[in-house]
Amino acid sequence: MDETFVLPVPAELHAVCLVAAPTWLPPGLGARALELVEVVGPDVPPLPWLTGPGAECARCAPCGLEVDSVPLRRIRAAEFHLRVSAVGGAGWPPDHVIRAAALARELADETGGILIDAATGDVDPWAGPPEPFDVPEGFAAAEWLGVRAAREGGGRGWRLTTAGLTVFGLPEVRVRRVPEHLRAPWHDVLAGVAQRLLRDQWADLARAPASAFREIPARLTLTAADVGAATAGCPHGTGTAPLALRLDPGRPGGPPTFLTVTAPPSAQGPAPPWRTHVITALRR
């Protein structure tokens, strides 16, 4: 039997969006039953990521946000912002995400504020009002998750980590020591892994909605179809790539829990180029 590990199913999840630098405060904030609107200061994430020293867009993919852009100068100058929160569960559909996004967009339009997805750090992330979720097969993880990059020490490449998976009830997924030329394709791989994990979670919770824990296999076979579904693409290949997952538990007040993508047992050895092999295999 394959090795597995156990993850808790959160009883309550929070989706958060910000309406930065509103021009005025509408009456009745916080009066809704399922959503909460608060007035917050400039120290609430992801505002420091966007406006602090060395600020940059948290998502690696180009989003047109310049560090010294007009929106960021306006956010830096603002004394208050609005935080929109919605509560939901880990099962399908993740309606708390839509509720927070829809209300935040409505408030941004009403107050002239700047809409920000707090999980990904994306500014004005949705071209229009977000549509309610229909079926899991139509969900595209890359539309709701970001990927952050950080350089590994000693010139060992990049550490890539999803941003936003915890909003859906799973730890963030990461991979380490990715060479520069594989950064972009590994963004899609992480989205594909997130897509697969979320679909499995929703299927498990549909069968047993009251579950407090779930058992997850430490090995999975990622497919080109997984990646295509995650990126709302249309893969022409039928490639597959074996991967392993390692649970790196967090601790209170310290680092959070991560699921780290590692080489499968078949790729173990001295300096295996498995990161390259994954991309090559998925493109077949």
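Predicted model: local features only at pLDDT ≥ 70, side-chain atom pairs only at ≥ 80, totals over all residues.
**Helix packing, a cavity and some backbone details**

Q: How many nonpolar residues does the contact of helix 4 with helix 6 have?
A: Sorting this contact of helix 4 with helix 6 by class gives no polar residues and one charged residue. The rest of the contact is nonpolar, and the count for that class is seven.

Q: Is helix 4 roughly parallel or roughly perpendicular to helix 6?
A: Two packed helices are described by the angle between their axes and the distance between the axes. Here the axes of helix 4 (residues 183-207) and helix 6 (residues 274-282) come within 11 Å and cross at roughly 70°. Because angles of 65 to 115 degrees count this way, helix 4 is, relative to helix 6, roughly perpendicular.

Q: Which element gives the most to the lining of the largest cavity?
A: Among the lining residues are Ala15, Val16, Cys17, Val97 and Ala101. Two elements give two or more residues to this lining, namely helix 3 (95-111) and strand 2 (13-20). With three residues, the element that gives the most is strand 2.

Q: Which residue does the side chain of Asp124 meet in a salt bridge?
A: Side chains of opposite charge can pair when their charged atoms come close. The structure holds eleven salt bridges. In one of these, at 3.8 Å from N to O, the side chain of Asp124 meets that of Arg105.

Q: How many residues apart in sequence are the parts that Asp124 and Arg105 tie together?
A: Arg105 lies in helix 3, while Asp124 is in the loop between strand 5 (114-117) and strand 6 (146-151). The pair therefore ties together parts whose separation in sequence, in residues, is 19.

Q: What is the phi of Asp124 near?
A: Most residues other than glycine have a negative phi, and most peptide bonds are trans. Asp124, in the loop between strand 5 and strand 6, has a positive phi without being a glycine. Its value is near 50°.

Q: Where is the place of Ala232, which has a positive phi?
A: Ala232 is not a glycine, yet its phi is about 55°. As for its place, Ala232 is in the loop between helix 5 (224-230) and strand 11 (240-248).

Q: What is omega near for the peptide bond from Trp92 to Pro93?
A: Pro93 lies in the loop between strand 4 (81-88) and helix 3. The peptide bond from Trp92 to Pro93 is cis, with omega near -5°.

Q: Where does Pro46 lie?
A: The peptide bond from Pro45 to Pro46 is cis, with omega near 5°. Pro46 itself lies in the loop between strand 3 (35-40) and helix 1 (47-51).

Q: What distance separates the C-alpha atoms of Ala229 and Ala142?
A: Ala229 is found in helix 5, and the residues it touches include Phe139 and Ala140. Ala142 is 87 residues from Ala229 along the chain, and their C-alpha atoms are separated by 9.0 Å.

Definitions and conventions. Residues numbered from 1 in each chain as written. Heavy atoms only, no water. Axes fitted to C-alpha atoms, helices over the stretch in contact; angles between N-to-C directions. Helix = DSSP H or I, 4+ residues; strand = E, 2+ residues; numbered from the N terminus. Parallel < 35°, antiparallel > 145°, perpendicular 65-115°, else oblique. Nonpolar A, V, L, I, M, F, W, Y, C, P; charged D, E, K, R; others polar. 1 Å grid on protein atoms, 1.4 Å probe; cavity = no way out; pocket = protein on both sides within 12 Å on 5 of 7 lines; lining within 4 Å. Salt bridge = Lys/Arg side-chain N within 4 Å of Asp/Glu carboxyl O. Contact = heavy atoms within 4.5 Å. Lists of a residue's contacts leave out its neighbours within four places in sequence.
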